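This report describes selected features of the structure shown below.

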Amino acid sequence: MSANTITIALPKGRLVQPSLDLMRRLGLPTDDITEEARTLVYDFPAQGIRYIMCRPTDVPAYVEYGAADLGIVGKDIILEQGKDVFEMVDLRFGYCRFVVAGPAGMQGMPLEHLSDKRVATKFTAVAEEFFSSQGLQVEVVKLHGNIELAPLMGIADMIVDIVSTGQTLRENNLVELVQIMESTARLIVNRISYRVNYAHLQPLIERIAAAVADKEGTA
Amino acid sequence: MMKQRIPRGFKDFLPEEVALKREVERRAAELFASWGYREVITPVIEYLDVIEGLGTGVQPTDLFLFQNRDGRLVALRPDMTVPIARLASSKLRDEPLPLRLFYQANVFRHNVPQRGRYSEYWQVGVEMLGARGERADAEVIALAVETMQCLGLQDFQLSLNHINIFGSLLETTGLPQETKDEVRDLVIRKDLVGLEHKLRGLALPPALQGLLLRLPVSYGGLEVFDRLPGLQAIEGAAMAVDELRVLVDALRAFGVADRVTIDLGVLRGLDYYTGVVFEGYCPALGYPLLGGGRYDRVMEGFGWPNPATGFAVGVERVMLAIRNGGGPERPRCLVAGAELGRVMETARQLRARGWIVCLDVLSRPQAELEEECRRRGCRLVTVE
């Protein structure tokens with residue numbers, strides 16, 4: 001957190017290209033930034049910009065603890081982590097949905113019949129919050145990958161996961177039972193640097209919001 | 001080793017930390033006392049109905065609760081404002097107003113430790129009971145600024161708001177209470193995306209919707225109000241803005257106006273505060289160092305209606321922010337020798353001159369003593 005340099009945490013993976021496109025549309029430097037490079041920090045002192053490339057799930061931590069002023073991260077991750085950051089702009093890219101899915105035989109099952117079942121997910125906080133908000137009791141099993149295998153292998157009755165096209169679900173003979181919510185990439189900001197460095201950050205945030213609205217208008 | 005564990009969220013203070021903590025508390029206490037605030041100490045537990053009945057915005061699930069021998073539920077105090085209000089309304093009623101009180105105390109909440117806050121944490125703070133108006137507010141805010149300065153936090157900033165600006169805007173919407181709570185929660189968390197989605201679905205007049213979206217990102221000098229002309233049309237908000245203008249004038253007189261920024265996004269416990277609210281930040285730390293404001297309704301819960309204002313400083317947070325800047329150290333030495341009486345006499349004289357003196361109680365040979373002094377960074381005095 002320095003008054004003259006704005007540090008932005010960018011997520012590797014599927015959000016990196018649209019994030020860099022956005023930076024480019026704003027006229028911010030993005031030369032030589034590639035995901036394959038092993039470089040983690042890109043400094044552009046002349047423009048007063050620094051990027052930190054990190055794992056998507058680490059972006060909120062970088063921003064919460066002030067290593068970065070701004071960050072780009074999916075709403076799915078913000079929700080799951082419940083971090084104390086300000087969520088300033090919906091960037092509209094990186095669309096996906098949180099759903100409850102189960103084997104095809106569960107299709108059309110009323111919500112209350114999902115109670116007392118076991119659910120596998122990477123997103124335990126989101127799953128617990130959703131089921132408890134519906135007044136349902138479920139047992140949540142945390143898995144770190146290949147969630148869609150869990151019902152097939154008998155680890156769980158159903159899953160909570162993010163889907164974008166639904167392809168993976170279909171391939172594993174799973175059907176969507178309920179949509180929990182939609183998610184897109186968000187611009188987040190550290191709560192202290194937003195205040196201490198408002199004069200630099202707020203104009204940039206407003207430019208980002210305008211660029212997003214512009215693109216939306218022309219699309 | 002099971003026997004060496006302590007409960008999650010709690011911590012030990014090691015000698016260097018204690019030294020720093022005491023220094024922070026001493027400087028704050030001396031400053032508070034010099035402004036006419038008097039220290040009080042309250043029990044670490046209070047009856048649950050004392051804490052709960054007053055709408056202090058503390059979630060019941062955050063409390064450490066247990067049953068007292070009298071069968072009633074008691075809680076470890078989650079803040080000091082309520083204990084002080086209880087104490088003042090029962091034992092200091094006959095004193096001339098305003099009452100100026102301060103405290104150094106530990107408070108307890110079930111917290112997620114990752115946010116730089118433990119489940120037991122220490123606060124120093126002041127409460128001014130029985131005075132309303134800009135001079136009382138300005139005194140407390142100026143004292144908050146001076147506290148940070150006397151603790152050596154030079155690049156400290158204070159964000160100031162009036163709770164009724166947002167409060168009366170929200171009232172104007174005429175939304176059901178549940179929806180108002182949701183909107184308020186989004187503003188407090190600064191989830192601007194969620195706020196925009198929520199407001200879009202509510203069919204509010206566009207001007208009002210625009211204001212609700214602008215408030216959380218409005219920050220600066222008094223000119224922020226020039227950019228929000230719509231506030232003038234809402235009676236409660238217009239009054240609150242006027243109060244802030246008068247207050248900023250008073251803060252200029254106190255010489256602290258340059259430390260203070262209007263920040264309409266600062267919303268501390270809306271059930272509790274009734275007027276000016278503020279938070280203090282330092283760029284070195286990712287969370288507020290202090291917070292406070294005016295709470296004119298709390299005292300009436302104790303049958304002694306009186307306006308009140310105050311603030312609390314997070315001691316551990318200040319310690320994190322100043323960790324590298326301790327005060328001057330007193331010189332240290334280790335006194336050793338065969339003749340105990342002469343060793344003691346030498347130690348007594350050195351202590352009288354302000355040295356910190358340890359005795360060699362192990363009668364070690366000279367080489368070991370020299371090694372020990374190297375490790376501790378102190379002088380060796382051998383008495384022949």
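## Interface between the chains

Five salt bridges are counted between chain B and chain A in this predicted model. One salt bridge between these chains links B:Asp263 to A:Arg195, and its closest N and O atoms are 2.3 Å apart. In terms of contacts, 26 residues of chain B touch 22 residues of chain A. Together the two chains bury about 2,000 Å², and 50% of that area is on carbon and sulfur atoms.

## Strand S7 of chain B and its partners

B:Asp263 belongs to the salt bridge with A:Arg195, and strand S9 of chain B covers residues 260-263. S9(B) is one of the strands that pair with S7(B); S10(B) is also joined to S7(B). The table sets out both pairings.

| Partner of S7(B) | Residues | Sense | Bridges | One bridge pair |
|---|---|---|---|---|
| S9(B) | 260-263 | parallel | three | B:Ser159 with B:Thr261 |
| S10(B) | 276-281 | antiparallel | six | B:Leu160 with B:Phe278 |

How far is strand S7 of chain B enclosed by the rest of the structure? S7(B) spans residues 157-162, and five of its six residues are buried, so the strand is largely enclosed by the rest of the structure.

## B:Met80, a loop residue

B:Met80 sits in the loop that connects strand S4 (73-76) with helix H3 (81-91) of chain B. Is B:Met80 buried or exposed? Its relative accessible area is 1%; because buried means under 20%, B:Met80 counts as buried. Apart from neighbours within four places in sequence, B:Met80 is in contact with B:Thr42, B:Tyr103, B:Ala105, B:Val107 and B:Gln123. B:Glu120 is 40 residues from B:Met80 along the chain, and the C-alpha atoms of the two are separated by 13 Å.

## A nonpolar surface patch on chain A

Which residues of chain A form a nonpolar patch on the surface? They are A:Leu149, A:Leu152, A:Met153 and A:Ile155, and together they have about 380 Å² of accessible area. A:Met153 has a relative accessibility of 60%; because exposed means over 50%, A:Met153 counts as exposed.

Technical notes:
Residues are numbered from 1 along each chain as its sequence is written. Chains are lettered from A and ligands numbered from 1 in the order in which they are written. This is a predicted model: local features need pLDDT of at least 70, side-chain atom pairs count only at pLDDT 80 or more; totals for chains, interfaces and linings use all residues. Side-chain values use heavy atoms; hydrogens and water are left out. Patches are made of residues with over 30% relative accessible area and no salt bridge: like charges are joined within 9 Å, nonpolar side chains (Val, Leu, Ile, Met, Phe, Trp, Tyr) within 5 Å. Accessible areas come from the Shrake-Rupley method with a 1.4 Å probe; for residues, only the protein chains shown count as cover. A salt bridge is a side-chain nitrogen of Lys or Arg within 4 Å of a carboxyl oxygen of Asp or Glu. Buried means under 20% relative accessible area, exposed over 50%, partly exposed in between (1.4 Å probe, protein chains only). Helices (H or I, at least four residues) and strands (E, at least two) are DSSP runs, numbered from the N terminus. Two strands pair if DSSP finds at least two bridges between them. Contact means heavy atoms within 4.5 Å. Buried area is the accessible area (1.4 Å probe) that two parts lose on being put together, summed over both.
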